[in-house]
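User: I am learning how to read features of a protein model, and I would like to go through a few of them with you, one step at a time.
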Amino acid sequence: MSTRTLYELAGADPDRRFSPYCWRTRFALAHKGLDADCVPWRMTDKDAIAFSGQGKVPVLVDGETVVSDSWQIALHLEKTYPDAPSLFGGDGGMPAVRFINAWADSVVMPGVARLVIADIPRHMADRDVDYFRQTREQRFGAPLETVCANRDQDVEAFRQSLLPIRMTLRSAPFLGGDTPHYADYTVFSAFQWARCISDFVLLTADDPVAAWADRMLAAFDGMASKVPGYRIAA
Ligand SMILES: N[C@@H](CCC(=O)N[C@@H](CS)C(=O)NCC(=O)O)C(=O)O
């Protein structure tokens, strides 16, 4: 048993850990060489994480410390484990990675959502489906199927939006340089999200972003590839 516990969103299949934010934390823990007991959690199980003072995952219990929100968890791990490899490429790297985290949240994640969100309910635990549909349809202002209705066309704009990744990968295999760091984890989490809950193909096989996604799937002994999922590129 670890001294750390990570509450993670799971689907009907408890092995289908599909939250992009939880994947950011999984990668951050692996990067720091830290283990954790990863507990499956469902969206309607609010009582199970009420001790964190809010209702979303990831929630990390690290000894006596409880931290929620993936970015806050990354900051906590960086501060608490300074001798382990830096999540941000060393001192001074954090503000630039925070920008990339914001880009992932505001561009990549919404872009992926429009392509895959209608596929999520069929992978969810039964007790979560109505809650998910209601809250997300309110957020999007439309039925999930309508949000994804034009995805065969919308995917082109999504692929174009990834140009900053392609430009960065021209000079290094990872956004973090020769090895991945939190910039890679936060952006890749959106692809891992889609991979876990949708068979819709996000990337063409010849896209350098697809080769990078393969490298991310292989990282940490293939950690992200070990959960049930579909292909990211074809
Ligand atoms: N900004 C938060 C977002 C966390 C979040 O939205 N988590 C989702 C799972 S992907 C959640 O727990 N949702 C519960 C709900 O919507 O009730 C982070 O970075 O951790």
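User: How many residues of the lining of the largest pocket are nonpolar, polar and charged?

Analyst: Please keep in mind that this is a predicted model. The lining of the largest pocket divides by class into 18 nonpolar, five polar and seven charged residues. There are 30 lining residues, and those nearest the centre of the pocket are Pro20, Tyr21, Lys56, Arg136 and Arg139. Two or more lining residues come from each of helix H1 (20-31), helix H2 (70-80), helix H3 (94-116) and helix H4 (126-140), and the space in this pocket is about 700 Å³.

User: How do I describe the way in which two helices pack?

Analyst: In general, two packed helices are described by the angle between their axes and by the distance between those axes. Here, H1 and H3 pack at an angle of about 145°, and their axes are 13 Å apart, while the crossing of H1 past H3 is right-handed. On the H1 side the contact involves Pro20, Tyr21 and Arg24, which meet Asn101, Ala104, Asp105 and Met109 in H3.

User: Is threonine 44 buried, partly exposed or exposed, and why?

Analyst: Burial is judged from the relative accessible area, where values under 20% count as buried and those over 50% as exposed. Threonine 44 is called partly exposed because its relative accessible area is 32%. Threonine 44 sits in the loop between strand E2 (37-41) and strand E3 (59-62), and, leaving aside residues up to four places away in sequence, it touches Arg127, Asp128 and Tyr131.

Conventions: Residues are numbered from 1 along each chain as its sequence is written. This is a predicted model: local features need pLDDT of at least 70, side-chain atom pairs count only at pLDDT 80 or more; totals for chains, interfaces and linings use all residues. Side-chain values use heavy atoms; hydrogens and water are left out. On a 1 Å grid over the protein atoms alone, a cavity is a set of points where a 1.4 Å probe fits but cannot get out, and a pocket is an open set with protein on both sides within 12 Å along at least five of seven lines; lining residues have an atom within 4 Å of a point. Grid points are joined across faces, edges and corners, and a volume is the space filled by probe spheres set on the points. Helices (H or I, at least four residues) and strands (E, at least two) are DSSP runs, numbered from the N terminus. Ala, Val, Leu, Ile, Met, Phe, Trp, Tyr, Cys and Pro count as nonpolar, Asp, Glu, Lys and Arg as charged, and the others, Gly among them, as polar. Axes are lines fitted to C-alpha atoms, for helices over the stretch in contact, and angles run from 0 to 180 degrees between N-to-C directions. A crossing is left-handed if the near helix is turned anticlockwise from the far one by less than a right angle, and right-handed if clockwise. Contact means heavy atoms within 4.5 Å. Buried means under 20% relative accessible area, exposed over 50%, partly exposed in between (1.4 Å probe, protein chains only).
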